Structures are given as structure tokens and as C-alpha cells.
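Me: I would like a close look at a single part of this model. Keep it brisk, please.

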Amino acid sequence: MSMGNDTDVTANKIHKRTAELTLIGLMTAVICVLGPFSIPIPFSPVPISLTNFAIYITVYVLGTRRGVISYLLYLLIGFVGLPVFSAFTSGPAKLLGPTGGYLIGFIFMTLISGFFIERWQAKAVPSLIGMVLGTMICYLFGTLWLAYQAGLSFYTALCAGVLPFILGDLLKILLSMMIGPQLQKRLNQVGVR
């Protein structure tokens, strides 16, 4: 192998790594922008949020591993005090508060959704199954934590923190299934993904 080929291979690796880091940063920014927008519900401490929608899109764009990295960066940004959580909140108190279980549950939602989307190459039915399963695991974490924090029964926490959100979350999943594959296709065409 000649010296020129080594240089080309190294430059290609650097370009690919730069593109990967740029996409991770960009999708972290998307979560940070969409995450704070929320609609409070009078009968629940859990607001309607766009965080899960941003995560679904992130997984389509980045895949599982990089999607989890992006979400963990978002959590870190919010943890250190930038107002990126729902209702423009931040800090350790938010993670330890009544909705902290959902924030932690999003990690598992990202892993499960990403696995299904990647494993079956963004085919509709497996992607839908993966996002629904991931969301259910997130609901479980959130409900358990909400029940503990608020001194509620599991059923009461489920009624307050899950049931009002199911239809909206299904709509977010369906919308991400329309947008996500198109973003994947576009990134593949330009050679970024």
C-alpha cells in the first residue's frame, strides 16, 4: 500500500468521525430545543412533552449507540443546569422529582426503539413494535418513580402519568415513522450516515 492510500484512508476516517460527532451534536440540540416545550395537564404532574418525539427521530438519524449518546448528553446538559427539560427546567432536582423516572426511562426507550429500527432497517412494523415497547418500558420506569415520589399507588400513578398520554405518544410514533426513514434516506444519499 502506498503512502497516498494511507493518507486517503486516514482522511476518510477523520471525515466520517467528524460527520458522526456533528450529527450527535445536532441531534442533541434537537432534543434540547424540543424537550422544554410542554403542555401542563391540571390533573397530572407529568406534562405533554416533545422529548420522546425528538428521541424517536434521533434514533432514526443516529442509530442506537449514537442515539443513546445523544440522549445522555441531553440529560447531562439538563443536569448541570441548562433549562432543557420540560417547561424549561433543569438540575438534579428535576431528575429526582416526580417526572425523573420518565427521563431515566427514555434511555431504555432509546435502546429498545433503536434496536428494532436498526435491526429491521426501519421497516414499518418492527419499528412500530420497537417504539411501542420502548415507550412502555419508559412508562413503567416513570410510573414506578412517580408512585414512589408522590406517595401514590401504582394504579393512581399510571392513571396520572401514562393513560392521558397514550394517544399523543402513538401519534408521535406515527409521525416519526413518516419523517425518520426520509431523514435516513437523505443522510445516506449525501454520505453522512
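Predicted model: local features only at pLDDT ≥ 70, side-chain atom pairs only at ≥ 80, totals over all residues.

Which residues are buried in helix α7 (residues 154-161)?

Reply: In α7, the buried residues are Ala 157, Ala 160 and Gly 161. They sit on the same side of α7, because they cover an arc of only 80 degrees around its axis. In general, an α-helix has 3.6 residues a turn, so residues three or four places apart point the same way.

Now the cover. The elements over the buried residues of α7 include β2 (44-49), α5 and α6 (124-150).

Take α5 first. The crossing of α2 past α5 is right-handed. From α2, the contact uses Thr 51, Asn 52, Ile 55, Tyr 56, Val 59 and Tyr 60. From α5 come Phe 106, Met 109, Thr 110, Ser 113, Gly 114 and Ile 117. By class, that is 7 nonpolar, 5 polar and no charged residues.

Next, α6. On the α6 side, the contact residues are Ala 124, Leu 128, Met 131, Val 132, Thr 135 and Tyr 139. They meet Ile 166, Asp 169, Leu 170, Ile 173, Leu 174, Ser 176 and Met 177 of α8. This contact has 10 nonpolar, 2 polar and 1 charged residues.

Terms used
Residues numbered from 1 in each chain as written. Heavy atoms only, no water. Left-handed = near helix turned anticlockwise from the far one by under 90°. Helix = DSSP H or I, 4+ residues; strand = E, 2+ residues; numbered from the N terminus. Contact = heavy atoms within 4.5 Å. Nonpolar A, V, L, I, M, F, W, Y, C, P; charged D, E, K, R; others polar. Buried < 20%, exposed > 50% of the residue type's maximum accessible area, 1.4 Å probe, protein only. Arc of directions from axis to C-beta.
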